[in-house]
Amino acid sequence: MTGEDHTTVLIRSAARRLLNVRLPAIVERAVDQTIQDEPTYSGGPVSRDDLSYHMDRTMRLALTRLVGADIPDPLRSAALEVGRIRAHQNVPLSSVLHAFRIDLKMLWEALIAEGHALGVGTRAEFLERSSLMVWEVVEANTEEVVQGYQVARGNREEIRSAAFEQLLLDGGNHPSTVDDAARMLGLPAAGHYVCLVGAFPIPRPELVTECAELLEASGTAFYFNWFAQELRGIIHTASWHADLIADLKPLGEHVCAVIDADGLAAVPQKIRLARMAVHGRSDPGVLRVRDNWLHAVTAASPELSKALHDAVFQPLAALTEHERNGILETVGDLMAHGGTIADIAARTYRHRNTVRKRLHVFTSLTGFDLSQTTDLATAAIAFTIENAT
């Protein structure tokens with residue numbers, strides 16, 4: 001190329017020989033080295049033929065750049081394409097970049113071999129200049145691979161998110177939607193799932209990452225998704241008796257609920273129930289819906305819940321603060337722990353007559369007799385609403 005010094009011309013000439021004569025052998029060695037050094041490429045989603053094909057294209061692109069020639073149209077997107085493909089194959093980006101470092105090593109060694117034929121006075125400058133030029137072209141390839149990988153990851157996550165949203169929207173009514181979600185999320189349509197909903201006024205992806213690492217360590221498949229101020233997740237487990245609370249412990253500072261589902265088709269309903277349980281609570285922690293049904297009930301209909309709460313608590317407004325606090329202490333203890341008047345008296349350190357009187361006042365003001373099952377259940381729901389506010 002005119003205007004270039006002698007060393008650069010020699011390097012481009014050596015690169016042209018690699019491109020036109022030695023490339024197949026270089027690619028073969030690079031493939032062998034990659035399979036040997038990078039576990040993801042040995043027995044994983046990338047076949048040897050796949051690796052050979054794309055390594056030939058990306059090395060051909062690098063050498064064309066090194067030669068200084070115009071890049072043919074079929075090669076222009078070679079690095080971008082391999083980045084997109086590896087992202088869709090779920091090959092970790094670190095493994096992809098490791099393979100490209102092997103490319104760099106092989107190209108550099110091949111160029112050195114070409115340089116051995118040069119005279120001693122030229123060789124040192126050849127080696128120094130060629131190392132810089134090889135690094136620059138491989139770096140250009142690497143940047144495009146990373147770009148393709150990140151774009152594909154973003155697009156892939158958008159596709160997965162859309163499939164999950166569609167599952168929650170109408171997966172319970174359309175089997176095809178369930179099948180699409182299973183395919184996009186990489187999860188089986190059948191089997192046992194644990195569904196999670198969490199309230200997150202501020203999204204905390206680092207906490208989800210901690211959970212993901214714990215689940216991955218046990219070989220558990222899952223999918224998490226953010227929507228507004230809510231975290232939703234589904235976790236596929238081998239058994240109905242699997243206890244995942246420990247794996248979800250990083251989320252414990254937030255109000256979260258989990259519930260079992262039989263297959264992906266049941267997930268939409270279960271997510272709705274878990275959401276109700278979360279909305280009915282104020283205490284943080286990852287709790288099972290089956291242990292907190294009242295919270296789900298109270299959140300199911302805000303209008304009904306308010307009316308029920310008012311029916312129990314508004315009549316108590318006529319009392320002094322001291323009297324009201326006494327009533328709430330006694331009735332609240334009964335709601336939380338049950339038992340007899342003697343049990344309540346022992347737990348609250350009050351005389352039995354005091355407990356009996358407070359219960360009588362509560363009944364006379366509200367009309368709810370806590371010795372009756374229906375009235376007791378109504379009061380229990382009202383106190384659940386009160387405690388959640």
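Trainee: Contact means heavy atoms within 4.5 Å, so to speak; which residues in helix 2 meet helix 5?

Mentor: M55, T58, M59, A62, L63 and L66 in helix 2 meet F100, D103, M106, L107 and L111 in helix 5. This is a predicted model, in which local features need pLDDT of at least 70, side-chain atom pairs count only at pLDDT 80 or more, and totals for chains, interfaces and linings use all residues. Residues are numbered from 1 along each chain as its sequence is written, and side-chain values use heavy atoms, with hydrogens and water left out.

Trainee: At what angle do the axes of helix 2 and helix 5 cross?

Mentor: Roughly 50 degrees, and the axes come within 11 Å. Axes are lines fitted to C-alpha atoms, for helices over the stretch in contact, with angles from 0 to 180 degrees between N-to-C directions. The two helices are therefore oblique to each other (under 35 degrees is roughly parallel, over 145 roughly antiparallel, 65 to 115 roughly perpendicular, the rest oblique).

Trainee: Turning to the sheet, what is the strand order?

Mentor: The order is 2-3-1-4-5, in an open sheet of 5 strands with mixed pairing; two strands pair if DSSP finds at least two bridges between them. Strand 2 (221-227) and strand 5 (285-288) are the edge strands.

Trainee: How many bridges join strand 4 to strand 5?

Mentor: There are 4, and these strands run parallel. V255 stands opposite G285 in strand 5.

Methods. Contact means heavy atoms within 4.5 Å.
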